[in-house]
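Visitor: I am new to this structure and would like to be shown around. Could we take it one topic at a time?

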Amino acid sequence: MLAKTLPQAAIDTTDRRIIEATQGGLPLTPHPYHHVAAQLGLEAEEVMLRMRRMQQAGIIRRIGAVPNHYALGYRGNGMSVWDVPDARIDVLGRRIGELDFVSHCYQRPRHLPHWPYNLFAMVHGRNREEVNRKVLLIAVLLGDDYRGHEVLFSTRILKKTGLRLST
Amino acid sequence: MMDRLDRDIINTLQQGFPISELPYAEVAEKLDTSEEELLARLQCMLDDGLLSRFGPMYHAERMGGGLTLAAMSIPEEAFEQVCQQVNRHPEVAHNYQRDHKLNMWFVLATETPDDIVRVIAEIEKESGYPVYNMPKEREFFIGLKFEV
């Protein structure tokens, strides 16, 4: 599946209030949407309707659990970056995005001469050796379209607040 | 330690969650457990940090905001100072040090797309170093399928 840039979907102030109330997480109670509705002075039906609409519009990507890779033993997360022909990026990006050890795969602009890479893929493994082995698989998969790559490992988290809407 | 049920919960909940009256009860049934047990396990995994969050994932660009990945190349002696200058901006959502000449990588999330340009200009002015803006041009997203 290829997510194209869609025109901006309209959200109103009520949607925004729902986003603000849920972006930190969904309440762990049997009726979570009723809980959010009560907090905002809305009907549960309205909250569910609006959230379904936002999900259909792609404003909500999905509702679910975000595993902490590091805590789950995946300690070797590497950002692999690739230089591939622009004309081939559609096919190649999809192929790499499908790999089960790749969590995010994006096309991004080059900054020549400092930065020749146009394809980014986050590779997860239990350690750096495992990540490097998986990166080799990507290189093989790219075949003749391979023009160079690097793997950037993070050495320190400098800030992590997550995405927050400010009001 | 995680057991079989914890793993099933993580794997199942990466695939989505219903918007309904009793969503936890629905998921619990699929997992062959009780609503109570599922809620307790989720709370526990969040408390232990095995899950970083549980809930809706919003798409910043589709809410009308701006989102980008930016990188800088900072000499070691200036690193801490520039780090403070960058992190002071509330629009900086995460920031990682990486082992590369481009050694600082951060995500900017702003109210409007135009704010990206403004924040980058501010950081360049404050720090005296160029910021390489690398917004995503295309996303090849298949969905998370992170088996544990």
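**A guided conversation**

Guide: Let us begin with a pair of residues in chain A: Gln107(A) has Leu119(A) as its bridge partner in strand 5 of chain A. Please bear in mind that this is a predicted model.

Visitor: How do strand 4 and strand 5 of chain A pair, and over how many bridges?

Guide: Strand 4 of chain A pairs with strand 5, residues 119–123, in the antiparallel sense, and there are four bridges.

Visitor: And which residue is the bridge partner of Gln107(A) in strand 6 of chain B?

Guide: That partner is Arg138(B). Tyr106(A) is likewise bridged to strand 6 of chain B, where its partner is Glu139(B).

Visitor: What is found in the loop between strand 4 and strand 5 of chain A?

Guide: Pro113(A) is found in that loop. The peptide bond joining Leu112(A) to Pro113(A) is cis, with omega at about 5 degrees.

Visitor: Back to the two chains, then. How many residues does each one bring to the contact?

Guide: Chain B brings 60 residues and chain A brings 63 residues. On the side of chain B that touches chain A, strand 1 of chain B has the largest share, with eight residues. Among the other elements of chain B that each supply at least two residues are helix 1, helix 4 and strand 6.

Visitor: What classes of residue are on that side of chain B?

Guide: The side of chain B that touches chain A has 34 nonpolar, 14 polar and twelve charged residues.

Visitor: You mentioned helix 1 of chain B. Which of its residues are buried?

Guide: They are Ile9(B), Ile10(B) and Leu13(B). These residues lie on the same side of helix 1 of chain B because they cover an arc of only 95 degrees around the axis.

Visitor: What do they pack against?

Guide: The buried residues of helix 1 of chain B pack against helix 3 of chain B together with strand 2 of chain A, residues 60–67.

Visitor: New topic: helix 5 of chain B. How many residues does it have, and what does it reach from end to end?

Guide: Helix 5 of chain B runs over residues 113–127, which makes 15 residues. From its first C-alpha to its last it reaches 22 Å, close to the 21 Å expected.

Visitor: Which residues of helix 5 of chain B are buried?

Guide: Ile116(B), Val119(B) and Ile123(B) are the buried ones. Their arc around the axis is only 75 degrees, so they sit on the same side of helix 5 of chain B. They pack against strand 2, helix 4 and strand 4 of chain B.

Visitor: What about the face turned away from the buried side?

Guide: That face of helix 5 of chain B carries the exposed residues Asp114(B), Ala121(B) and Lys125(B). Just after the helix, Gly128(B) takes a positive phi of about 80 degrees.

Visitor: Is Asp32(B) buried or exposed?

Guide: Asp32(B) counts as exposed, because it has 8 C-beta neighbours inside 10 Å.

Visitor: How many residues are in the largest nonpolar core?

Guide: It has 42 residues, and Ala70(B), Ala71(B), Met104(B), Phe106(B) and Leu108(B) have the most contacts inside it. Strand 4 of chain B gives this core its largest share, six residues. Leaving aside neighbours within four places in sequence, the contacts of Ala70(B) include Phe106(B), Leu108(B) and Ile120(B). A second, separate core has 21 residues, among them Val81(A) and Ile96(A).

Visitor: Why would nonpolar side chains be buried together?

Guide: In soluble globular proteins, nonpolar side chains tend to be buried together.

Visitor: One last stop: where is Arg128(A), and what does it touch?

Guide: Arg128(A) is found in helix 5 of chain A, residues 128–142. Not counting residues up to four places away in sequence, Arg128(A) touches Gly76(A) and Phe153(A). Arg128(A) is partly exposed, since 14 other C-beta atoms lie within 10 Å. Between the C-alpha atoms of Arg128(A) and Gly78(A), which are 50 residues apart along the chain, the separation is 7.7 Å.

Definitions and conventions:
Residues are numbered from 1 along each chain as its sequence is written. Chains are lettered from A and ligands numbered from 1 in the order in which they are written. This is a predicted model: local features need pLDDT of at least 70, side-chain atom pairs count only at pLDDT 80 or more; totals for chains, interfaces and linings use all residues. The expected span of a helix is 1.5 Å times one less than its number of residues. A residue is buried if 20 or more other C-beta atoms lie within 10 Å of its own, exposed if 12 or fewer, and partly exposed in between; C-beta atoms are placed from the backbone. The arc is that of the directions from the helix axis to the C-beta atoms. Two residues are in contact if their C-beta atoms, placed from the backbone, lie within 7 Å. A nonpolar core is a set of buried Ala, Val, Leu, Ile, Met, Phe, Trp, Tyr and Cys residues joined through C-beta atoms within 7 Å. Ala, Val, Leu, Ile, Met, Phe, Trp, Tyr, Cys and Pro count as nonpolar, Asp, Glu, Lys and Arg as charged, and the others, Gly among them, as polar. Two strands pair if DSSP finds at least two bridges between them.
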